[in-house]
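Open the model in your viewer and keep the selection tool at hand. The tour goes stop by stop.

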Amino acid sequence: MTTTAIAPTNIAILKYWGKNPRWESLLIPTKSSISFTAEGLFTRTTVTALEAAGGLRFSLNGKEMGPSTREHQYVQEFLGKVGSFFPFMEGYSFRIASENNFPTSAGFASSASGFAALVKALSGEMDGLRGLGEAKLSALARLGSGSAARSMPSAGGVVKWRRGMDFGKGGRAGVRPTAAAEKRALFSSYAESLFPPGHWPGLSMIYVRVEAGQKKVKSRAGMKESVETNPLYRPWVDYEEGVMLDRMVRAIAGRDFGSFGEMTMRASNNLHQICLGTYPPIFYLNQASLAIMDAVHEMNAGRIKAAYTFDAGPNAVVFAQEGDRDEVADRIRSIAGRDSLILSRPGPGARFSDDHLELVG
Ligand code: PMV
């Protein structure tokens with residue numbers, strides 16, 4: 001059989017940055033996070049499973065990725081992790097083709113859409129995964145890339161990824177957990193849709209590309225260093241989990257752009273402050289990012305019209321409401337360049353598609 005799925009990228013407004021050290025290989029986060037699912041920016045993935053153990057042929061954007069490539073290794077490692085919980089997977093070989101409709105590695109979270117699309121496609125292709133509900137599929141997508149958990153819920157819109165376990169809790173340091181405890185931990189942390197895409201009519205998400213290319217410090221390595229070396233890491237987790245999470249949900253429920261916007265910018269700045277307080281420090285923002293922040297605060301004098309957020313790279317996503325969108329977009333374009341913007345809005349999550357990609361091999 002052959003199965004194809006599409007999954008969107010997502011942009012976090014309360015960020016994930018760090019794993020619970022007791023469950024690092026399961027990517028249990030230290031804190032919950034909230035994101036918007038992006039319409040029109042997605043990965044399409046086609047999967048065929050064959051009954052023969054262990055092989056993998058993988059193509060990305062029409063190009064075969066050989067076993068020595070990083071991309072192939074990520075997918076192989078991911079299938080191995082899923083196989084450790086679902087051993088029937090080990091009896092299969094996989095042919096996988098994946099394509100992004102936006103620039104890969106431009107800092108637009110292609111790993112989030114990529115792993116969510118892969119899990120969704122696998123769940124249609126493998127009898128043994130078909131019965132799993134969306135929460136479990138979200139938890140499995142997390143094993144590829146944490147933020148992929150939030151691209152999974154099919155309702156999309158505003159999505160919350162629950163941390164599942166308190167930071168530092170769950171098992172004892174140095175004691176190997178039982179298989180049952182591992183499975184409980186695996187499924188304890190997952191994402192779910194809080195508000196559908198149509199909840200906030202006229203809300204735009206403006207993706208701003210200020211720099212293409214690979215991240216300087218990969219998020220996986222960077223966040224581990226933050227957990228281990230930043231003495232303000234735990235206060236950040238406690239503050240965002242204990243204070244900001246509920247406030248953010250209330251602001252979105254009430255479509256209160258002022259509170260939502262301020263908290264979104266603060267949460268982005270908090271992430272980059274955590275990075276700067278890591279030792280040695282990690283910088284993701286560049287001059288253009290700082291210029292965008294400045295311009296947004298200038299436009300916001302008097303009333304909040306725009307809100308920026310930055311992930312592990314210099315590219316921005318700027319939120320604006322309908323009446324302000326053109327002014328905000330023009331201003332950002334004057335900083336980042338004419339072809340730097342992609343206009344998006346909240347959209348649906350992962351879904352199946354009949355439009356298959358060609359497989360290699
Ligand atoms: O899932 P990863 O390893 O791509 O980590 C992503 C972390 C941030 O994008 C910086 C924040 C987030 O919550 O998406």
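In which loop is Pro280 found? Select the stretch between α8 (257-276) and α9 (287-299): Pro280 sits in that loop. Remember that this is a predicted model. Now show the backbone from Tyr279 to Pro280. The peptide bond there is cis, with omega near -5 degrees. Most peptide bonds are trans.

Next, select Arg255, in the loop between α7 (233-253) and α8. Its phi is positive, about 50 degrees, although Arg255 is not a glycine. Arg255 is partly exposed, with a relative accessible area of 41%.

Jump to the loop between β1 (3-14) and β2 (33-50) and pick Leu27. Leu27 also has a positive phi, near 55 degrees. Is Leu27 buried or exposed? Leu27 counts as buried because its relative accessible area is 2%, and the cut-off is under 20%.

Now centre on the ligand. It is surrounded by 13 residues, the closest being Tyr16, Ser145, Ser147, Arg150 and Ser219. The shell splits into 5 nonpolar, 5 polar and 3 charged residues.

- Tyr16: a backbone N or O atom at 2.8 Å.
- Ser219: a polar side-chain atom at 3.1 Å.
- Asp311: a polar side-chain atom at 3.3 Å.

The protein covers 93% of the 380 Å² of accessible area that the ligand has on its own.

Last stop: helix α1, residues 70-85. Its 16 residues reach 23 Å from first C-alpha to last, close to the expected 22 Å. Colour its buried residues, among them His72, Phe78 and Lys81. Their cover includes β5 (93-100), α2 (110-125) and α5 (179-188).

Notes: Residues are numbered from 1 along each chain as its sequence is written. This is a predicted model: local features need pLDDT of at least 70, side-chain atom pairs count only at pLDDT 80 or more; totals for chains, interfaces and linings use all residues. Side-chain values use heavy atoms; hydrogens and water are left out. Helices (H or I, at least four residues) and strands (E, at least two) are DSSP runs, numbered from the N terminus. The expected span of a helix is 1.5 Å times one less than its number of residues. Buried means under 20% relative accessible area, exposed over 50%, partly exposed in between (1.4 Å probe, protein chains only). Contact means heavy atoms within 4.5 Å. A residue is near a molecule or strand if one of its heavy atoms lies within 4 Å of it. A polar contact is a pair of N or O atoms within 3.5 Å; within protein, one must be able to donate a hydrogen and the other to accept it, and residues adjacent in sequence count only if both atoms are side-chain atoms. Accessible areas come from the Shrake-Rupley method with a 1.4 Å probe; for residues, only the protein chains shown count as cover. Ala, Val, Leu, Ile, Met, Phe, Trp, Tyr, Cys and Pro count as nonpolar, Asp, Glu, Lys and Arg as charged, and the others, Gly among them, as polar.
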